[in-house]
Amino acid sequence: MQLAREYLTLLTSLRLKAPLVHNLTSAVVANFTANALLALGAAPAMVESPDEIPGFVSVAHALSVNLGSMTPVRNAAIALAVQAAQISGTPWVLDPVGAGGIPARTAFARHLLSQKPAAVRGNASEILALAGQSGFGRGVDSGRGSEQAIAAAQAVARQSGAVVAVTGVVDYVTDGVATLALEGGNAMMTQVTGMGCAASAIVAACVGVETDRLRAVAAGLSFVGIAGARAAKRAVGPGSLAVAYLDELAALNRPGGIADVDELRNAFPDR
Amino acid sequence: MQLAREYLTLLTSLRLKAPLVHNLTSAVVANFTANALLALGAAPAMVESPDEIPGFVSVAHALSVNLGSMTPVRNAAIALAVQAAQISGTPWVLDPVGAGGIPARTAFARHLLSQKPAAVRGNASEILALAGQSGFGRGVDSGRGSEQAIAAAQAVARQSGAVVAVTGVVDYVTDGVATLALEGGNAMMTQVTGMGCAASAIVAACVGVETDRLRAVAAGLSFVGIAGARAAKRAVGPGSLAVAYLDELAALNRPGGIADVDELRNAFPDR
Amino acid sequence: MQLAREYLTLLTSLRLKAPLVHNLTSAVVANFTANALLALGAAPAMVESPDEIPGFVSVAHALSVNLGSMTPVRNAAIALAVQAAQISGTPWVLDPVGAGGIPARTAFARHLLSQKPAAVRGNASEILALAGQSGFGRGVDSGRGSEQAIAAAQAVARQSGAVVAVTGVVDYVTDGVATLALEGGNAMMTQVTGMGCAASAIVAACVGVETDRLRAVAAGLSFVGIAGARAAKRAVGPGSLAVAYLDELAALNRPGGIADVDELRNAFPDR
């Protein structure tokens, strides 16, 4: 599995610019998210203080807002960051974690959707919930296949002006008019916490360096899908998959990534 | 080292049900705990907001309460979650991290013990402290062997009605009448933060699918011990042990786990 | 790359004493920091509650204060911990994360510098900012080479009485009079979040067992540099580097660490 030439160009730009991506995310996944951004070539920040957020968001290249582990303090920090992003024109990405499963979170996610995110990334249940259709989410895992939320994603995109991605076995990315389908990844990725959250942060990094947002979101999910598929070749379980995924994000520019180098070694054991 | 047939049956049930395990735990270990639950086959959640806790606990299959990194806000969240668990009948597990080392934490742990946990898991110092005997804990590591806390565990079990596990080189599990001893694991596991916390969450997952609590707790610790022992075969230090542990949790249903496959490879290097 | 004999002696003392190192750090890096301390042979603690901090700091062998992810609550906890350390004589280490990039953080870092830290560890931008020179930091990464902050480090050391380390491709450690240069590490370490924070915690562990602070800080950074360089030999990317780093910290006392054992295996593939 190789990275398409157009996405390779975007990756090269991203690594030259090393976009500063500000993340408001759960403590559960903050470390993995930061490491995924660093491996890709972006510069993560996780500033959470109300005193620091507005200034930081205004200099960041992108903001990633994730609704995992909500608290009143976190909600206020997110509201402040989104407001700052609108003032400074910093593009921001919404990851509506748990929308559809927890009513208050669905409501907050819908409110945020009205605040002009550049992109939205969620699973089928979350995107269905944003579209006002009852989801079947149970926490963060999705009860439905991504193909069942394509129409909902298109509706959310048209309503909000955001590029919307619904991820699953196949990822769908839409601006409400054009809709792309992306294959890649591996089922084992669902056994690693924060894979979706890190994907949203990667999408934010891409939106921070590419103004064609449909292309930026598709590139970000392509990076996730290719690194995940390559990592699965080398992994023997979810622990080694998470490690290999970070390695493969860093090696995305190599044809075949690290997985191929290993295949080479196995093919020529004497070397 | 193989998984006993009775625990393999419980593992199969667990993977079919994928119990939703709600965790109130420290940010230090939240990622590892979530990944351990996912690898085992459970569905972790880490909801922390007072607005969301009662509703979430009532639909969860089990609750795991861990006293690492206490704050006034965390204490209140734990009290709320335990109250919700009692109302909804959600079984909950107490991990009295640091009891015996910090007086306020010992007091809070003893208070929680009176709130009808389904199970308690701690090291020798923590269980001794719960029993009202002065522990020798220094933070989270135990100054004593698990065998020195067997009587204390039995006393705590009889007093609280919980199944009590005291873990160490040998793990002891008791309902106050019967007491089981389980071998397994590896000393290197003490060099990975969150191993005990993740074990408590795994015990919670088992209590969420098996009403015979003595059996459920013993099964959970058996999963931990076998995955840990297999992981230690493949690890060269604590970093690779943590990764291999997650892999082996996911491979618990395979005879010998991943460790054996590797042995096979080493035995037949030409393949 | 081998550990110098004098640092090997300090490592042996450290493992015998297993110093309790109290950390006030960001949730992003708390897990990696705790695992690095455990791998080295220290005992980490991350107590955050105002009720527990003073008592805990007074029994700890060292305190590590890190300014990542500041909030008003975190600032107050840090002030409380530093005050407790001064009363009990617990040596403490300042990691001025983000100083130079965020004005309020620069001010807080300078205030803490006046509270008699035993040591300070930062990158060039952060140390320049502490010295009152405008840094070029963007979040936590440094826009300058460590050699450009040697004079600033010496000035900060003379002013504060702390041993000051500025880390980069070459690490410089100074008490304001003598200045040591240490090579080691690997550029790939900058792609792993928390490497600097964990280094500060390791320095704190060393300051907790060795009263010659210049020697203690140099030993700590030597541990980091050697483990990092050895890990880079075995890693294929930042994911496997982080894992190998923890393994190599635990294997620091072996000549050549685990990296050499692997070289041996590769050299004699039949064994």
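The side chains of Asp95(B) and Arg121(B) are joined by a polar contact of 3.0 Å. A polar contact is a pair of N or O atoms within 3.5 Å; within protein, one must be able to donate a hydrogen and the other to accept it, and residues adjacent in sequence count only if both atoms are side-chain atoms. This is a predicted model, in which local features need pLDDT of at least 70 and side-chain atom pairs count only at pLDDT 80 or more, while totals for chains, interfaces and linings use all residues. Residues are numbered from 1 along each chain as its sequence is written, chains are lettered from A and ligands numbered from 1 in the order in which they are written, and side-chain values use heavy atoms, with hydrogens and water left out.

Stay with Asp95(B) for a moment. Its place is strand β4 of chain B, residues 92-95. Helices (H or I, at least four residues) and strands (E, at least two) are DSSP runs, numbered from the N terminus. Is Asp95(B) buried or exposed? Asp95(B) counts as buried because its relative accessibility is 0%. Buried means under 20% relative accessible area, exposed over 50%, and partly exposed in between (1.4 Å probe, protein chains only). Leaving aside neighbours within four places in sequence, the residues in contact with Asp95(B) include Val65(B), Leu67(B), Glu126(B) and Cys197(B). Contact means heavy atoms within 4.5 Å.

Now to the cysteines. How many disulfides does the structure hold over all chains? The count is 0. A disulfide is a pair of cysteine sulfur atoms within 2.5 Å. Cys197(A) is in no disulfide, and the nearest cysteine sulfur, that of Cys206(A), is 17 Å away. Cys206(A) is in no disulfide either; the nearest cysteine sulfur to it belongs to Cys197(A), 17 Å away. Cys197(A) is buried, with a relative accessible area of 14%. Cys206(A) also counts as buried, at 0% relative accessibility.

Next comes the meeting of chain B and chain A. Here 26 residues of chain B are in contact with 22 residues of chain A. The two chains bury about 1,800 Å² between them, 61% of it on carbon and sulfur atoms. Buried area is the accessible area (1.4 Å probe) that two parts lose on being put together, summed over both. The rule finds 1 salt bridge across this interface. A salt bridge is a side-chain nitrogen of Lys or Arg within 4 Å of a carboxyl oxygen of Asp or Glu. Arg105(A) and Glu52(B) form a salt bridge through their side chains (2.7 Å, N to O). On the side of chain B that touches chain A, the elements giving two or more residues are α2 (30-40) and α10 (238-250) of chain B. With 6 residues, α2(B) gives the most to that side.

How do the copies relate? Chain C can be laid on chain A with an RMSD of 0.0 Å, by a turn of 120 degrees and a shift of 0.0 Å along the axis. That is the relation of a three-fold axis. Copies are superposed by least squares on the C-alpha atoms of residues with pLDDT of at least 70 in both. Of the residues of chain C, Ala27(C) comes closest to the rotation axis, at 3.4 Å (C-alpha).
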